[in-house]
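The entries follow in the order in which I looked them up.

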Amino acid sequence: MTIRHGSYPMAWALAALLALCLPAWSQGRSPTPEEYVEHTGGEATIIPPGEFKLDGIPLYCGTRPTVIDNNLDDYGAAYPGFLIMNMKYLNRVSTPVKLWIYSHECGHQFRGPDEETADCFAVQRGRRMGWLSPGGVEEICKFIAPAKGDSMHFSGSYRCEYMRQCFTEHRLR
Ligand SMILES: [Zn+2]
């Protein structure tokens, strides 16, 4: 039940590496949504920005489209420039958790690969937009509780504590 991010950090690392080492390849970029869909054999679909909804709630991530890929091995993922959502998994979780997952992936778009920053972005956005209550934060905590800490992802309980703080902070980031 961890939230992973496809090859998002790798895409950035690769782009940086290519820019540094192979100027001829400095176009080294992450896939476009169309390339991603092609890679799935056409099974994924692209939802234009502003048209994606979860449980009837429209969700935006600037002008970025959402790709629905129900074969993704996780709930959601992000490439620079678009978000990927697995509706098969998302349909198993409550509305606040769904919206938090989308907003977490969106947080990566605006704030980069750091997990805690993306978590904080998501809960503050939820509070601002009115879909996240303190009870919703606890639902998210239960959702990420089994996540084991590793070098990239701090343990679920640590992330949870940080999110509770972010949620109650007066200053919105
Ligand atoms: Zn993340």
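**Entry 1: Aspartate 55**

I located aspartate 55 in the loop between β2 (53-54) and β3 (57-58); strands (E, at least two residues) and helices (H or I, at least four) are DSSP runs numbered from the N terminus. The model is a predicted one, in which local features need pLDDT of at least 70 and side-chain atom pairs count only at pLDDT 80 or more, while totals for chains, interfaces and linings use all residues. Residues are numbered from 1 along each chain as its sequence is written.

I noted that aspartate 55 has a positive phi of about 50 degrees although it is not a glycine. Aspartate 55 counts as exposed because it has 12 C-beta neighbours inside 10 Å. The classes are buried at 20 or more other C-beta atoms within 10 Å, exposed at 12 or fewer and partly exposed in between, with C-beta atoms placed from the backbone.

**Entry 2: Glycine 81**

I found glycine 81 in the loop between β5 (76-79) and β6 (82-85). With 17 other C-beta atoms within 10 Å, glycine 81 is partly exposed. Leaving out residues up to four places away in sequence, glycine 81 touches Ser30 and Arg64 (contact: C-beta atoms, placed from the backbone, within 7 Å). I also checked proline 33, 48 residues apart from glycine 81 along the chain, and the C-alpha atoms of the two are separated by 8.2 Å.

**Entry 3: Helix α4**

How many of the 17 residues of α4 are buried? I recorded 12, so α4 is largely enclosed by the rest of the structure. Among the buried residues are Leu99, Trp100, Ile101 and Tyr102. Just after α4, glycine 112 takes a positive phi of about 95 degrees.

**Entry 4: α4 against α6**

I looked up α4 (residues 95-111) and α6 (residues 134-144), whose axes come within 9 Å and cross at roughly 75 degrees. Axes are lines fitted to C-alpha atoms, for helices over the stretch in contact, and angles run from 0 to 180 degrees between N-to-C directions. This makes α4 roughly perpendicular to α6 (65 to 115 degrees; under 35 is roughly parallel, over 145 roughly antiparallel, the rest oblique). Pro96, Val97 and Trp100 of α4 meet Gly136, Glu139, Ile140 and Phe143 of α6.

**Entry 5: α6 against α7**

I then turned to α7 (residues 156-168), which packs with α6 at an angle of about 165 degrees, the axes being 9 Å apart. The two helices are therefore roughly antiparallel to each other. Val137, Ile140, Cys141 and Ile144 in α6 meet residues of α7 including Cys160, Met163 and Phe167.

Definitions and conventions: Two residues are in contact if their C-beta atoms, placed from the backbone, lie within 7 Å.
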